Amino acid sequence: ARPSVRLGFNVSAHRSNFFMFSRFFHQVHLWLGLLTGGIAFLLCLSGTVLVAQIPIEHWVNQSVQQVLPQGEAQDINTLIPKLQAEASIPYTGVTFPAFPTEALVLQQGRSQTYVNPYTGEVLGGIHQPTRDFFMFWFRLHRWLLLDSDTGRPITGAATVAFLMISFTGLWLWGLKARKKPGRSLRLRFKKVRWRRMNYDLHLVLGFYALIPLVVMAWSGLFWSYRQPFIYSTHLIFNGASPPPADKSSTQEKKPAREAVPLADLPYTQLLALAQQQYDYVGDVSLKFPTGTAPVQITKTPRSHFWSMPVRDRLEADAQTGALRKIEPFKDLSAAEKILGLIKAIHMGTIFGGVSLWLYFFAA
């Protein structure tokens, strides 16, 4: 008699385990969708509205953001200290736009005041009703209109659930695509009942929207789980934990609450320094220092339909304008680049108008 040979691989048992695994994914996909689908709907709805905030606010605020060039601009070395002295609330920074048809932007924390650089006239701030409208949607998106301590854990947990729904959904889509590839990639409208149409909309459109939605959800975890997100990003992309913060540098740069930010700076030298180090067309932002702290300078290239909003940084002496430190974006580590662009990644401005429209339709 021929001896029996055992291969150590039971096909039927393997197939049984595979389908049990798939059924488990189906249950996870189903119940997480039922439990958190309402929150995901609100997050995507509010996110869709917030995608339109930048172009709408730019259109509404043209009267204060745009200026007509009238000869030579005023001397910024005297104009900005004069505006600081006249302000009821001290300005904390200034942004010099890349083009001569745009107003200077003076910051008061998160508020902006626009100034005509040719006449020195204070044009005003942004249109407040428009900002209040988008703030409502922002609070809904971040905290579900609750206080932050209550809303943040809810949206964070719902986002984690959404990622699990997305990955299990991709697995289930693969099972369908393996049997009928064409049916999983295109919609049919003829002789299709409403239940089948509803299922196909979920299956097909869910697949095409999967990548941008996963990127939105993953990047959104930064605001719910900031420290774990930073740590894991460094661990994944740099292969090491994040470097410890420089406490002495932080204490030196942290302004005293009662100190007025210093606006009497050598602006001409600082702008020339920024252009010398970063020779491209972009907006230059200066953070007014306090005490003996250096001036923090950031230059950002003017975004267009396909561009990344990178930020090149440097530090300069507040008295002489001499260079003290330079931090070009290209020299950052992979994790630092991702964390520096995390807001643009989440909001869809990472590649200008291309990604903005992609996010809009996906959400």
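Tutor: Before we start, helices (H or I, at least four residues) and strands (E, at least two) are DSSP runs, numbered from the N terminus. This is a predicted model: local features need pLDDT of at least 70, side-chain atom pairs count only at pLDDT 80 or more, and totals for chains, interfaces and linings use all residues. Residues are numbered from 1 along each chain as its sequence is written, and side-chain values use heavy atoms, with hydrogens and water left out.

Student: Okay, where does Ala52 sit?

Tutor: Ala52 is in the loop between α1 and α2, the latter being residues 53-60.

Student: Let's zoom out. How many helices and strands are there?

Tutor: The protein has 14 helices and 8 strands. Its radius of gyration is 27 Å, well over the 21 Å that the globule rule gives for 363 residues, so the protein is more spread out than a compact globule. That radius is taken over C-alpha atoms, and the rule is 2.2 Å times the number of residues to the power 0.38.

Student: What does the C-alpha trace span along its principal axes?

Tutor: About 100 × 50 × 40 Å. As for burial, 39% of the 363 residues count as buried.

Student: What's in the largest nonpolar core?

Tutor: It has 27 residues, and Leu213, Phe222, Phe229 and Ile345 have the most contacts inside it. Among the helices that each supply at least two of its residues are α1 (11-51), α6 (148-179) and α9 (226-237). The biggest giver is α8, with 8 residues. By nonpolar core I mean a set of buried Ala, Val, Leu, Ile, Met, Phe, Trp, Tyr and Cys residues joined through side-chain atoms within 4.5 Å.

Student: Which residues does Leu213 touch?

Tutor: Cys44, Phe162, Ala362 and Ala363, not counting residues up to four places away in sequence. Contact here means heavy atoms within 4.5 Å.

Student: What about the second core?

Tutor: That one is separate, with 26 residues, including Leu83, Leu106, Leu270 and Ala318.

Student: Where is Leu270, then?

Tutor: Leu270 lies in helix α11, residues 267-277. Leu270 counts as buried because its relative accessibility is 0%. Leaving aside neighbours within four places in sequence, the contacts of Leu270 include Leu286, Val295, Ile297 and Gly321.

Student: How far is Leu270 from Pro242?

Tutor: They are 28 residues apart in sequence and 31 Å apart in space, C-alpha to C-alpha.

Student: New topic: what's the phi of Leu144?

Tutor: It is positive, about 60°, although Leu144 is not a glycine. Most residues other than glycine have a negative phi. Leu145 has a positive phi too, near 65°.

Student: Where are those two?

Tutor: Leu144 lies in the loop between α5 (128-143) and α6, and Leu145 is in the loop between α5 and α6 as well.

Student: Why does Leu144 count as buried, and what about Leu145?

Tutor: Leu144 is buried because its relative accessible area is 16%. Leu145 has 35%, so Leu145 is partly exposed.

How values were computed. Buried < 20%, exposed > 50% of the residue type's maximum accessible area, 1.4 Å probe, protein only.
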